[in-house]
Amino acid sequence: MADKRFVVTDALIKADPLVSQLVMAEAGAVVTFVGVVRGNSEGRQVLHLEYEAYPEMAEAVMQQIAEEVRARWPDVQEVAITHRVGRLEVGETAVVIALSAAHRPSVFDALHYAIDRVKEIVPIWKKEVWADGSEWKSEQ
Amino acid sequence: MLLKGEISVIVKLKLFAASREIAGSGETLESLPDAATLRDLRDKLFAAYPDLGNLRVQFAVNRAYVSLDTVLEDGDEVACIPPVGGG
């Protein structure tokens, strides 16, 4: 994988390459969040998800989130976010967020903030497809 | 020569997810009078597609969220952004 920190892709995604990008001599802690397609939603069986993005803006907004993270937790060194789009099956990875810092205290809060912001402002949409219908879902 | 109020601004409008399905297209060109704002474009869209008004859409101009008072320039890329749902 190319060394690109903020990516929207229709290819399968994995956490390991993202973590590798962040590991450097100064980093003592790397945390990752891996978001996976769940097989049920509000009691309904989900057949698959369809993600759609405004990719150019989504990558720019991911970079903005990384800047917000570093402003709030100045010891965070690197942030990388990859989000997959297209048709995703249950169990596949939809999003990976990884960030690094010299020491561990701030990385968990920073990671929590980053995933919340991804869900709030990155222009990506998720349609749940069930046996008897489908719907665009948002937590907003 | 164009007089004030004539069509002089053409923007590219991108629509996504539920808004794309309501409008039946993911990308259109919209013609607007000189000095038109994003609010003017929104009102035109909501008149053409009333269901869009129920979606709580936001708008971006040139890939950044902006206020409805933003004056649109010829060639701008405007995006209609329904509630997002990544992650």
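Q: What makes strand 3 and strand 4 of chain B a pair?
A: Two strands pair when at least two bridges are found between them. In this predicted model, strand 3 and strand 4 of chain B share 2 bridges, in the antiparallel sense, so they qualify as a pair. Val61(B), for instance, has Ala64(B) in strand 4 of chain B as its bridge partner.

Q: Why is strand 4 of chain B called an edge strand?
A: Strand 4 (64-65) of chain B pairs on one side only, and strand 2 of chain B does likewise. They belong to an open sheet of 5 strands with the order 2-1-5-3-4 and mixed pairing.

Q: How do you know whether Leu13(B) is buried or exposed?
A: Count the C-beta atoms again: Leu13(B) has 21 neighbours inside 10 Å, so it is buried. This leucine belongs to strand 1 (residues 7-15) of chain B. Beyond its neighbours within four places in sequence, Leu13(B) touches Glu27(B), Thr28(B), Glu30(B), Val78(B) and Cys80(B). Leu41(B) is 28 residues away in sequence, with 9.6 Å between the two C-alpha atoms.

Q: Why do the buried residues of helix 2 of chain B count as lining one face?
A: Leu38(B), Leu41(B) and Leu45(B) are buried in helix 2 (residues 38-48) of chain B. Viewed down the helix axis, the buried residues fall within an arc of 65°, so they line one face. They pack against strand 2 (27-33), strand 3 (58-61) and strand 5 of chain B.

Q: Which order do the strands of the 4-strand sheet in chain A follow, and what makes two of them edge strands?
A: The order is 7-5-9-10, in an open sheet with antiparallel pairing. Strand 7 (86-89) and strand 10 (133-137) of chain A each pair on one side only, and they are the edge strands. On average, neighbouring strands of this sheet are turned by 25° against each other, direction ignored. Strand 9 (residues 124-130) and strand 10 of chain A are joined over 5 bridges, and Lys127(A) stands opposite Trp136(A) of strand 10.

Q: Which residues have the most contacts inside the largest nonpolar core?
A: That core has 62 residues, and Ala58(A), Ile97(A), Leu99(A) and Ala114(A) have the most contacts inside it. The contacts of Leu99(A) outside its sequence neighbourhood include Val31(A), Val69(A), Leu111(A) and Ala114(A).

Q: What makes up the side of chain B that touches chain A?
A: Here 14 residues of chain B are in contact with 23 residues of chain A. Helix 1 (17-23) and strand 5 (77-81) of chain B each give two or more residues to that side. By class, the side has 9 nonpolar, 3 polar and 2 charged residues.

Note on methods
Residues numbered from 1 in each chain as written. Chains lettered and ligands numbered in written order. Predicted model: local features only at pLDDT ≥ 70, side-chain atom pairs only at ≥ 80, totals over all residues. Contact = placed C-beta atoms within 7 Å. Nonpolar A, V, L, I, M, F, W, Y, C, P; charged D, E, K, R; others polar. Buried ≥ 20, exposed ≤ 12 C-beta atoms within 10 Å, placed from the backbone. Arc of directions from axis to C-beta. Axes fitted to C-alpha atoms, helices over the stretch in contact; angles between N-to-C directions. Core = buried A, V, L, I, M, F, W, Y, C linked by C-beta atoms within 7 Å.
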